[in-house]
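Trainee: I would like to go through this model feature by feature. Please give the general idea each time, then the case at hand.

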Amino acid sequence: MTTGRKWLALSVVSVLLLGGAIAYGATAYARYQARAAAPSEVTTTTALTTTAEPHIVFRNTAQGQGYGKVATVPIAEPSTARALTEQACDRVYATNEVLSCLRIKRGVPTTFEAGVFDRAGTEVGSWPLPGIPSRTRLSHDSTLVSTTSFVTGHSYATVGFSTETVVSRVDGESYGNLEDFTLLINGERLTAADRNIWGVTFADDDTTFYATAASGGRTWLVHGNLAERTLTAVFDNAECPSLSPDGTRVAYKKNSGTPDDPHWGIAVLTLTTEEEVVLPESKNVDDQVEWLDDSTLLYGLAREGAVGDSDIWSLASDGSTTPSLLIEHAWSPSVVRK
Amino acid sequence: MYISLSDVTPTEKTPDVPGRRPTQSATTRVSSVVIALGVVSMFTDISTESVSAILPLYITGVIGLSTVAYGVIDGLYQGISAVVRIAGGYAADRGDQPKWVAFFGYGISAVARIGLLFASGFAALSAVVALDRLGKGVRTAPRDALITASSEPDNLARSFGVHRMLDTVGAAIGPLLAFGILFFIPDGYSTIFVVSLAFAILGVILLGVLVPNKRPRAERAIATAQPKARFRWRDLNDRRLRRLLLTAGLLGLVTVGDGFIYLVLQSKSGFAAEYFPLLYVGTNVAFLALAIPMGRVADRFGRARIFILGHLALLAAYVCAAIPATGWQLTLVCLLLLGAFYAATDGILAALASQATPVETLASGIAAAQTAVALSRLIASIGFGLLWFSLGRDGAMIVVALALAVLLPVTAVILRDFLRVARSA
């Protein structure tokens with residue numbers, strides 16, 4: 001092949017490859033626009049659920065208009081038309097007074113943000129997150145907020161994977177990163193650099209909380225104390241805990257696989273007796289469970305074959321029933337009882 | 001971009017009669033083969049970095065894997081590359097076909113990009129990531145051997161500088177491209193994967209077409225009128241190479257990743273976490289701006305000297321990060337120092353390894369040096385994490401800075417053979 005021909009061939013190949021990629025991108029863009037403008041695949045309403053009525057707040061993942069927006073349904077009728085708000089969140093949690101919203105802000109570079117809003121949608125406060133939104137919870141009296149984000153390295157200089165979990169007062173004051181709390185495992189202080197804390201759930205006294213601590217491939221359910229700044233391990237192999245409304249039990253993800261190839265089921269621990277019940281959910285659960293009431297759990301499961309879509313399932317907390325679908329095309333449920 | 005092919009085509013046409021040195025005045029020009037390899041690396045880095053930048057988002061957001069799973073994938077990223085690097089170097093030397101070993105490495109990374117289009121679970125994604133890193137590990141040493149084989153001894157460091165500059169340009173473009181796509185198409189991951197695949201294939205084709213199949217051992221045999229020497233492990237046990245490996249390993253032990261330095265800067269200054277990615281951009285810009293000048297100076301002034309001086313820049317960066325003062329100017333100085341460190345050490349190490357290794361074991365020698373650095377830095381990261389916790393941020397920084405300050409004169413003694421000859425031939 002002569003040099004001239006070689007360059008011609010290279011030019012043609014380059015144009016074909018890059019042109020093909022651009023064409024693919026253009027159609028993807030057009031498809032996205034069409035999808036976002038299409039009517040939602042579920043029935044929606046703009047009439048807001050009154051916050052006086054018990055309701056479930058979640059992220060709407062139905063394709064079409066309103067994708068990614070915060071939505072609500074009454075607890076009494078979870079399968080009725082969902083009321084969509086204008087607010088877009090990747091993780092959401094609400095009480096009757098405030099709503100915590102973690103968001104990915106797409107751009108160059110992409111950044112992450114946490115915000116607290118009153119239930120009319122007015123921002124109370126917001127702050128940047130160091131990584132991808134993972135979990136958020138509020139205390140029942142709406143005074144405390146927790147956020148967990150994944151802080152990931154960059155291929156050029158990987159700091160390694162870690163989570164950052166911060167507890168703050170809704171009015172602004174922060175208790176800081178929970179990694180700076182004293183972590184006690186079997187009475188011994190754990191100081192390993194690879195320890196990570198995630199998935200907070202608050203008790204009603206504004207001091208006590210539960211969370212996950214991990215180090216060296218092991219995880220623990222830890223009991224936290226905001227006043228003493230301590231985390232004390234109370235049980236092995238428990239992630240993303242959720243305290244029952246009556247405060248007697250904790251539901252969490254339990255890994256039945258290995259640390260390298262995890263398979264998470266759901267288990268419920270009675271705190272006083274340390275009796276653990278593993279529930280009949282065979283699918284891999286990657287969510288922080290939420291209590292619908294003192295005997296029912298809610299959690300999100302990715303919808304098979306549909307990228308970016310999921311459903312909210314319910315399950316009896318004593319293991320007496322099998323899972324049932326509660327809200328289709330939904331994620332990140334929180335229950336507002338009053 | 002100007003790429004002269006005048007000295008490429010004949011060699012490629014007649015691969016059995018190699019040994020031609022480019023006839024151009026090599027003291028002033030970097031070989032077109034080096035530029036072609038640089039462009040191949042640039043496209044490949046656009047391909048890799050566009051995916052790396054959004055992979056955490058994709059894994060956690062779309063596939064829905066949890067934190068622990070991401071840690072495992074990230075660990076795979078780190079580990080695989082170092083192990084197969086030696087194998088890639090050995091294969092290139094053994095068969096005397098560095099181009100095709102590198103081609104194989106670039107090729108399997110491109111195949112991994114195809115896999116990315118279909119991977120939908122943890123196992124599939126791990127396999128794809130592993131395959132990609134496998135390719136990177138295999139190709140690095142043979143590619144650097146090709147750069148050496150295509151360069152003149154007196155512009156070797158500059159050649160590596162040109163290559164690393166183009167490589168870093170790709171690393172800077174990739175994430176911008178990916179985040180740009182996500183900005184317009186929020187769920188546009190498949191578009192990013194398709195664009196990434198296009199660049200990967202383009203890189204492989206450019207390598208196949210533009211880069212001649214240099215055969216260092218055969219060329220040497222013809223040049224010296226001796227029978228083709230065999231690959232001998234013994235050649236790797238050269239005193240100079242041993243000293244270089246020792247130096248690289250020792251200095252690697254006190255080289256904490258720039259990610260840690262950014263963490264120090266951030267926790268000290270308290271600037272918003274969202275500016276974190278800009279620090280990487282700053283270091284990369286300094287790296288790509290300084291890569292060629294550093295190589296040029298290294299060729300004149302001595303590569304080992306620049307290599308040691310580069311670590312002095314790293315020491316300065318540590319001090320810069322540790323001093324209690326804050327301010328954006330100081331942050332900029334730190335990034336500039338880090339960029340200078342990379343520019344003075346990354347390509348230069350490959351150049352030094354080349355000059356310490358006989359041509360029969362060239363790729364293996366380069367691979368050994370790079371593996372020594374990769375493994376010792378991995379240990380350094382873990383160690384620094386522990387130090388940070390036990391001594392606190394500033395204490396850890398000071399300990400590492402002191403260790404580096406002590407090691408620098410020690411390594412200067414170990415490398416004295418290299419330091420004496422300013423211009424090596």
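Mentor: Start with burial: a residue is buried if 20 or more other C-beta atoms lie within 10 Å of its own, exposed if 12 or fewer, and partly exposed in between, with C-beta atoms placed from the backbone. In chain B, 58% of the 425 residues are buried. This is a predicted model, in which local features need pLDDT of at least 70, side-chain atom pairs count only at pLDDT 80 or more, and totals for chains, interfaces and linings use all residues. Residues are numbered from 1 along each chain as its sequence is written, and chains are lettered from A and ligands numbered from 1 in the order in which they are written.

Trainee: How many helices and strands does chain B have?

Mentor: Both are DSSP runs, numbered from the N terminus: helices are H or I with at least four residues, strands E with at least two. Chain B has 15 helices and zero strands.

Trainee: How should I read its contacts?

Mentor: Two residues are in contact if their C-beta atoms, placed from the backbone, lie within 7 Å. Of the chain B contacts between residues at least 6 apart in sequence, 85% join residues at least 24 apart.

Trainee: Why is B:Gly310 classed as buried?

Mentor: Because 24 other C-beta atoms lie within 10 Å, B:Gly310 is buried. B:Gly310 sits in helix α12 of chain B, residues 303-322. Beyond neighbours within four places in sequence, B:Gly310 contacts B:Ala340, B:Phe341, B:Ala344, B:Thr345 and B:Ile348. B:Tyr342 is 32 residues away along the chain, with 7.4 Å between its C-alpha atom and that of B:Gly310.

Trainee: How do I read strand pairing in chain A?

Mentor: Strands of a sheet pair through backbone hydrogen bonds, either parallel or antiparallel. The criterion here is that DSSP finds at least two bridges between two strands. In chain A, an open sheet of four strands has the order β5-β6-β7-β8, with antiparallel pairing. Its edge strands, each pairing on one side only, are β5 (91-94) and β8 (123-129) of chain A. From one strand to the next the twist averages 15 degrees, taken between lines fitted to C-alpha atoms, with angles running from 0 to 180 degrees between N-to-C directions.

Trainee: How many bridges link β7 and β8 of chain A?

Mentor: Six bridges, in the antiparallel sense, link β7(A), residues 111-118, to β8(A). A:Val116 stands opposite A:Gly125 in β8(A).

Trainee: Which strands pair with β25(A)?

Mentor: Strand β24(A) (296-302) pairs antiparallel with β25(A) (310-316) over seven bridges, and A:Ala302 stands opposite A:Ser310 in β25(A). Strand β26(A) (324-327) is joined to β25(A) by three bridges, also antiparallel; there A:Trp313 stands opposite A:Leu325 in β26(A).
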